[in-house]
Amino acid sequence: MVATPRTCALLIALALSLPALTARAETREWPTKYVRLIVPGSSGSAPDVMARFIADRLTQKWGQQVIVENQPGAGGNIGVAAAARTAPDGYTLLFSQAAPLALNQHIFKQMPFSIENDFDPVIFIGDGPMLIAASPKIGVKTIPELIARAKANPGKLSYATPGVKNVPHLTGELFKSMTDVDMQHVSYRTNSQAITDTMTGVVDLVIDGVPALMPQIRAGNLVPLGVTSDRHLPGLEGLPLVSDTLSKFAISGWFAVLAPKGTPPAIIAQLNSDIQAALQIDELLVRMRDLGVYRDLSNTTPEQLAAYIRAQSNMFGKIAESAKIERD
């Protein structure tokens with residue numbers, strides 16, 4: 001049989017439409033059962049609270065249960081590794097903080113997963129900036145005053161963080177490297193201990209997330225020196241930015257959703273769209289701010305998230321190398 005021009009045109013049109021038809025079929029048939037959302041953190045933690053709110057909204061939209069599954073441990077590595085081992089079918093997702101996505105590879109000798117090789121980015125959730133605060137006893141009220149005091153007294157000032165080899169710790173190390181000052185790091189088991197010892201002058205500074213420090217700042221027990229975000233944030237407009245003094249100083253804890261590598265692009269696109277819609281809900285935005293997490297509307301696509309993770313990993317790697325942080 002000889003194909004006519006009309007027949008050829010129809011065949012070409014059909015061939016061109018197949019990818020779109022396949023994509024619509026993939027999303028129309030998914031999800032047909034419950035979806036797991038793995039959180040590599042404990043119940044009640046910031047990622048857990050946000051993940052549960054988003055899970056509730058997705059459950060309502062899809063008519064299928066979205067179950068949050070907490071798998072903490074090893075700085076988040078246990079939960080992320082569990083998600084990496086699942087099938088790329090859209091039925092297991094990862095809601096993670098920054099450390100296992102961009103920092104841990106620079107502080108652990110061995111990693112049970114590779115973010116680039118084992119995951120597809122879905123959507124950036126938000127930034128959780130750090131806050132540098134001082135003890136009222138040292139008489140420092142601004143970042144320039146802190147730098148001057150540290151330079152005049154090398155090795156004499158100390159800064160506290162809850163834990164070691166985490167975002168607060170590396171925030172202090174970034175500050176030291178960008179200002180060429182020498183300060184002593186003091187690691188605490190809990191942020192409450194770190195805050196108490198800073199208020200009483202046992203240590204000079206404390207670096208932690210905004211929610212942990214704000215109650216004592218409002219009470220006058222700590223002096224806020226600078227927020228580490230690259231922009232003024234809602235509700236924090238009265239606080240100075242570290243970048244007001246140190247250009248391009250920006251570091252934070254942040255959160256993102258990823259899927260196992262090879263998840264169909266149509267499902268990734270639907271996840272991005274549906275989670276994006278949930279992130280517009282005022283109730284969630286209020287909860288996020290209470291947790292010290294803020295949306296970045298310039299970073300919304302999977303491609304932007306992939307680039308962001310690479311840039312953040314590169315930044316954390318440079319800080320860890322400069323600070324000579326040994327791998328565990």
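1. What is the volume of the largest pocket? In this predicted model, the largest pocket has a volume of about 940 Å³. Its lining comprises 37 residues, and those closest to the centre are Gln-97, Asn-166, Val-167, Pro-168 and Asp-208.

2. The lining of the largest pocket draws on several elements of the chain. Those that give two or more residues are helix H2 (46-62), H4, S4, H7, strand S7 (205-209), helix H9 (210-218) and S9. By class, the lining of the largest pocket holds 21 nonpolar, 13 polar and three charged residues.

3. The second largest pocket has a volume of about 350 Å³. It is lined by 18 residues, and Leu-101, Ile-115, Glu-116, Ile-309 and Arg-310 lie nearest its centre. Two or more lining residues come from each of H4, H5, S4 and H12. The largest share, four residues, is that of H12. The classes here are eleven nonpolar, three polar and four charged residues.

4. Just after H12, Lys-324 takes a positive phi of about 55°.

5. Which residues of H12 are buried? They are Pro-302, Leu-305, Ala-306, Tyr-308, Ile-309, Gln-312, Ser-313, Met-315, Phe-316, Gly-317, Ile-319 and Ala-320.

6. The buried residues of H12 pack against helices and strands from other parts of the chain. The helices are H4 (98-103), H5 (115-118), H7 (167-179) and H10 (265-278), and the strands are S4 (119-134) and S9 (252-260). Of these partners, H4, H5 and S4 also give residues to the lining of the second largest pocket, while H4, S4, H7 and S9 are among the elements that line the largest pocket.

7. The structure holds six aromatic pairs. One of them joins Phe-124 and Trp-254 in a tilted arrangement, with 6.4 Å centre to centre and 35° between the planes. Phe-124 belongs to strand S4 and Trp-254 to strand S9, so that this pair links distant parts of the chain, 130 residues apart. Both Phe-124 and Trp-254 are buried.

8. A further aromatic pair is formed by Phe-175 and Phe-249; it is edge-to-face, at 6.4 Å centre to centre and with 75° between the planes. Because Phe-175 lies in helix H7 and Phe-249 in the loop between strand S8 (223-227) and S9, the pair ties together parts that are 74 residues apart in sequence. Phe-175 and Phe-249 are buried. Elsewhere, ring pairs link Trp-30, Trp-62 and Tyr-91 into a cluster.

9. Is Ser-135 buried or exposed? Ser-135 counts as buried because its relative accessibility is 0%, under the 20% cut-off that defines the term. Ser-135 lies in the loop between S4 and helix H6 (143-152). Leaving aside residues up to four places away in sequence, Ser-135 touches Thr-198, Met-199, Gly-201, Val-203 and Asp-204.

Definitions and conventions:
Residues numbered from 1 in each chain as written. Predicted model: local features only at pLDDT ≥ 70, side-chain atom pairs only at ≥ 80, totals over all residues. Heavy atoms only, no water. Buried < 20%, exposed > 50% of the residue type's maximum accessible area, 1.4 Å probe, protein only. Contact = heavy atoms within 4.5 Å. 1 Å grid on protein atoms, 1.4 Å probe; cavity = no way out; pocket = protein on both sides within 12 Å on 5 of 7 lines; lining within 4 Å. Points joined across faces, edges and corners; volume = space filled by probe spheres on them. Nonpolar A, V, L, I, M, F, W, Y, C, P; charged D, E, K, R; others polar. Phe/Tyr/Trp six-rings, centres within 6.5 Å; stacked < 30°, edge-to-face > 60°.
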